Amino acid sequence: MWGSLEVQEEVVYQFPKGLPGFEEETEFAIVPWEDTPFSYLQSTREPELAFLLVSPFTFVPDYSFELAEADKEELGIVEQVSVYSMVTIHSQANKSTMNLLAPIVLNPEQRIGKQVVLHHSDYNTRHLIWTEDDAKSVKGGV
């Protein structure tokens, strides 16, 4: 996707169980998309495998969930945690969505990550990123 890309060790995360559907991919780098709120979750092994991410709080400031104790233990989370949502860009930008039901949860101290499925949640996998007003200011592209 990028050609050759050099990444710093501190942006590489281990995903011991991979991602749903990509269980064999266990190492990803967080690559910022310059001048946007978005980043890529780029496989360090498969150049063609990358997912677009965004902090859900950028578009849904009151987004919240309780991380299960088992997930906290698996990720070694004590205090610090980073949360991202996977993004699906639609050809019409105002129809682009983010997955609030299965956030990417990262432990930035130990650089371990996991996609967590929130059970018993009202969030969905296709939450519109932009409201009508926001979409007008995007003018057809991200």
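How many helices and how many strands are there in the chain?

1. Basis of the note. This is a predicted model, in which local features need pLDDT of at least 70, side-chain atom pairs count only at pLDDT 80 or more, and totals for chains, interfaces and linings use all residues. Residues are numbered from 1 along each chain as its sequence is written, and side-chain values use heavy atoms, with hydrogens and water left out.

2. Secondary structure. The chain contains two helices and nine strands. Helices (H or I, at least four residues) and strands (E, at least two) are DSSP runs, numbered from the N terminus. Along the sequence, their order is β-β-β-β-α-β-β-β-β-β-α.

3. The chain as a whole. Of the 142 residues in the chain, 39% are buried. Here, buried means under 20% relative accessible area, exposed means over 50%, and partly exposed lies in between (1.4 Å probe, protein chains only). The chain exposes about 8600 Å², and carbon and sulfur atoms supply 49% of that area; accessible areas come from the Shrake-Rupley method with a 1.4 Å probe, and for residues only the protein chains shown count as cover. Among contacts with a separation of 6 or more, 53% are between residues 24 or more positions apart, where contact means heavy atoms within 4.5 Å.

4. Two strands pair if DSSP finds at least two bridges between them. Strands β1 and β2 run antiparallel and are joined by three bridges; Val12 has Ala29 in β2 as its bridge partner. Strand β2 also pairs with β3 (residues 38–43), in the antiparallel sense, over five bridges. In β3, Ser39 stands opposite Pro32. The hairpin of β2 and β3 has five residues between the strands, and in this hairpin Asp35 takes a positive phi near 60 degrees.

5. Strand β5 and its partners. Is strand β5 largely enclosed or largely open? Strand β5 (residues 82–88) is largely enclosed by the rest of the structure, because five of its seven residues are buried. Strand β4 (residues 50–54) runs antiparallel to β5 and is joined to it by three bridges, with Val54 bridged to Ser85 in β5. Three bridges also join β5 to the antiparallel strand β7 (residues 104–107), where Leu106 is the bridge partner of Ser82. Strand β6 (residues 97–98) pairs with β5 in the antiparallel sense over two bridges, and Met98 in β6 is the bridge partner of Val87.

6. Aromatic pairs. A pair of aromatic rings is described by the distance of the centres and the angle of the planes. Rings of Phe, Tyr and Trp (its six-membered ring) pair if their centres lie within 6.5 Å; planes under 30 degrees apart count as stacked, over 60 as edge-to-face and the rest as tilted. The structure holds 11 such pairs. One of them is edge-to-face, because the rings of Phe15 and Phe28 have centres 5.3 Å apart and planes at 75 degrees. This pair links distant parts of the chain, with Phe15 in the loop between β1 (12–14) and β2 (27–32) and Phe28 in strand β2, 13 residues apart. Phe15 is buried, with a relative accessible area of 0%, and Phe28 counts as buried at 0%.

7. Trp33 is partly exposed, with a relative accessible area of 27%, whereas Phe38 is buried at 2%. Ring pairs link Trp33, Phe38, Tyr40, Phe59 and Trp130 into a cluster.
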